[in-house]
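Me: I'd like to go through this model feature by feature. Could you give me the general idea each time, and then the case here?

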Amino acid sequence: MIDAAKTSRIFVGLTLLALTAACDALPKQQYLQPDDTGGSAKGDFGAPQGEPIKAVLTSPPHVPPPTGRNYPAKVIVDLEVREVEQEISEGVRYTFWTFGGTVPGSFIRVRQGDTVEFHLKNHPSSKMPHNIDLHGVTGPGGGAASSFTAPGHASRFTFKALNQGLYIYHCATAPVGMHVANGMYGLILVEPPEGMRPVDREYYVVQGDFYTVGKYRERGYQPFDMQKAIDENPTYVLFNGSEGALVGDRAMKANVGETVRLYVGNGGPNLVSSFHVIGEIFDKVQYEGGTRYQENVQTTLIPAGGAAITDFRLEVPGSYVLVDHSIFRAFNKGALAILKVDGPENKAIYSGKEVDSVYLSEKSESLAPVEEAAAAKEAGTLTQLQQIKAGAAKYKGTCSVCHQDNGEGLPDVFPPLAKSDYLMADKTRAIGVVLNGLTGKVTVNGKTYNSVMPPMSQLSDDEIANILTFVANAWGNSGPAIGAAEVRQVRASTKRPEGAAH
Ligand SMILES: [Cu+2]
């Protein structure tokens with residue numbers, strides 16, 4: 001008796017036999033079409049020529065210059081692993097494990113066909129052994145096995161960069177997830193033999209997800225949280241390893257009329273990125289870091305351990321916001337960066353209003369006042385003026401979307417905070433409004449509103465204290481400072497509506 005499984009096995013076998021026969025009949029060249037960029041079979045241009053070249057490595061967001069070569073060379077890459085304590089968010093310290101002292105690690109740029117002699121050093125102050133797996137390497141482990149390096153040691157391995165493209169590299173030492181989560185990734189570009197299409201500016205951005213024991217923006221030193229990492233529940237989702245990496249004074253810059261290329265990676269360890277630039281359309285995207293490009297793309301998906309090359313021309317000045325369009329990550333976990341474009345307006349293309357404060361929130365401004373207030377609080381010297389300044393920075397984009405920049409609100413919809421009798425009458429009640437929201441009829445300065453203010457309890461006690469101190473002393477208001485302890489007390493003694501943050 002022949003059962004169904006057996007029949008299908010025989011069928012598959014026969015089909016494979018037929019296919020194999022067909023393949024054998026094809027001439028070899030048909031495997032690689034004339035316009036084929038080749039893959040590994042075409043990437044070997046023979047032995048390295050000339051003197052060995054030391055690779056130029058750059059820290060993010062900078063990209064090394066083009067190799068400018070038309071022959072394969074021996075390229076020496078010197079990369080040092082360092083474990084460093086740095087800021088992940090204002091006032092939040094985290095121990096990053098890095099390739100070259102930065103997250104992402106140094107950008108490496110070589111040409112297809114180059115022979116890369118890779119030197120990996122691990123700084124003597126490191127606590128952990130590390131290695132490197134480059135996705136651009138052809139060979140088991142991508143270099144990982146040959147590059148295991150204990151603290152204070154160095155290792156060396158060599159590979160030929162056979163495939164062109166943009167590749168992630170990362171540490172692959174156990175526990176691998178933890179090494180990657182601590183920032184151990186970067187990009188290596190293997191240029192096509194003819195070089196990249198020329199553009200005016202190139203930048204280097206890598207997304208990563210981070211897991212801390214404390215909540216988002218909880219201050220002080222924060223250790224890595226293994227359980228959150230296993231649960232894929234990040235505290236932060238960031239471009240270039242820090243909330244402040246690419247905003248304010250550190251925003252990327254360009255001018256109207258220029259073409260910009262972003263080499264974008266996703267280090268993971270867990271999330272995939274819906275990479276988007278608010279206010280721009282990618283003219284070209286080499287999706288997945290590969291050879292072909294797609295045109296006119298709004299959002300490109302970048303897998304964990306993957307990359308993309310996005311090119312676009314800038315027609316209109318202003319601030320363009322890079323986000324992960326899984327949008328809570330942008331507004332509540334930090335996945336936001338800014339490209340600041342200068343130049344003349346072009347009203348025929350865009351009428352000229354600046355990007356919404358909703359998108360930029362406090363990111364467009366310097367967060368210096370917020371940091372200053374936090375430092376003063378820690379030192380026990382916080383003044384009302386410092387709270388007002390910090391609160392002003394946070395009010396923008398948080399409360400101003402409804403109550404407006406001038407505190408006047410909008411007639412019949414949003415009550416005013418400027419000279420509000422309701423606000424100024426009772427500060428405990430005002431704290432409660434921010435924490436728990438407000439619904440139903442409320443009378444402000446003789447006018448009745450019947451609308452809904454959502455709870456804003458996702459803000460920290462410090463943030464609420466500073467915002468309310470600002471609000472109570474702006475636009476003609478004058479009142480006492482409100483302390484974080486008072487906010488904490490109201491948080492503990494009142495109940496938030498269901499679904500609000502704790
Ligand atoms: Cu490592």
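Me: Let's begin with a helix pair. How do the axes of α11 and α12 cross, and within what distance do they come?
Reply: An axis is a line fitted to C-alpha atoms, for helices over the stretch in contact, and angles run from 0 to 180 degrees between N-to-C directions. Here α11 (residues 461-471) and α12 (residues 484-493) have axes that come within 8 Å and cross at roughly 115 degrees. Helices (H or I, at least four residues) and strands (E, at least two) are DSSP runs, numbered from the N terminus. Before we go on: this is a predicted model, where local features need pLDDT of at least 70 and side-chain atom pairs count only at pLDDT 80 or more, while totals for chains, interfaces and linings use all residues. Residues are numbered from 1 along each chain as its sequence is written, and side-chain values use heavy atoms, with hydrogens and water left out.

Me: Is the crossing of α11 and α12 left-handed or right-handed?
Reply: A crossing is left-handed if the near helix is turned anticlockwise from the far one by less than a right angle, and right-handed if clockwise. α11 passes α12 in a right-handed crossing.

Me: Which residues of α11 and α12 meet?
Reply: Contact means heavy atoms within 4.5 Å. From α11 come Asp461, Asp462, Ile464 and Ala465, and they meet Ala484, Val487, Arg488 and Arg491 of α12.

Me: What about α10, and why is it largely enclosed?
Reply: Check accessibility, where buried means under 20% relative accessible area, exposed over 50% and partly exposed in between (1.4 Å probe, protein chains only). Seven of the ten residues of α10 (residues 427-436) are buried, so the rest of the structure largely encloses this helix. The buried ones are Ala430, Ile431, Gly432, Val433, Val434, Leu435 and Asn436.

Me: On to sheets. What is the strand order in the open sheet of five strands?
Reply: In general, strands of a sheet pair through backbone hydrogen bonds, either parallel or antiparallel. Two strands count as paired if DSSP finds at least two bridges between them. In this sheet the order is β13-β21-β20-β15-β18, and the pairing is mixed. β13 (252-255) and β18 (299-302) each have a single partner strand, so one side of each is left without a neighbour in the sheet. On average, neighbouring strands of this sheet are turned by 25 degrees against each other, direction ignored.

Me: In which sense do β15 and β20 pair, and over how many bridges?
Reply: β15 and β20 (residues 318-324) pair in the antiparallel sense over four bridges. Take Val277 as an example: its bridge partner in β20 is Leu322.

Me: Is Ser274 buried or exposed?
Reply: Ser274 sits in β15 (residues 273-278) and counts as buried, because its relative accessibility is 17%. Leaving out residues up to four places away in sequence, Ser274 touches Thr299, Thr300, Leu301, Val323, Asp324, His325 and Ser326.

Me: Now the metal. Which residues coordinate the copper ion?
Reply: Donors are N, O and S atoms within 2.8 Å of the metal (3.2 Å for Na, K and Ca); water is not among the atoms, so sites may look incomplete. The copper ion is coordinated by His130 (ND1), Cys171 (SG), His179 (ND1) and Met184 (SD), at 2.0 to 2.5 Å. Along the chain, these donors follow the spacing H-x40-C-x7-H-x4-M.

Me: Why is the arrangement around the copper ion irregular?
Reply: Four donors count as tetrahedral if all angles lie between 85 and 135 degrees; four count as square planar and six as octahedral if opposite donors are over 155 degrees apart and all others between 65 and 115; anything else is irregular. The four donor atoms here subtend angles of 86 to 138 degrees, which makes the arrangement irregular.

Me: Last, the backbone. Where are the cis peptide bonds at Pro175 and Pro269?
Reply: Most residues other than glycine have a negative phi, and most peptide bonds are trans. A cis bond joins Ala174 and Pro175, with omega about -10 degrees, and Pro175 lies in the loop between β8 (165-170) and α2 (176-181). The bond from Gly268 to Pro269 is also cis, with omega near 15 degrees, and Pro269 lies in the loop between β14 (259-268) and β15.
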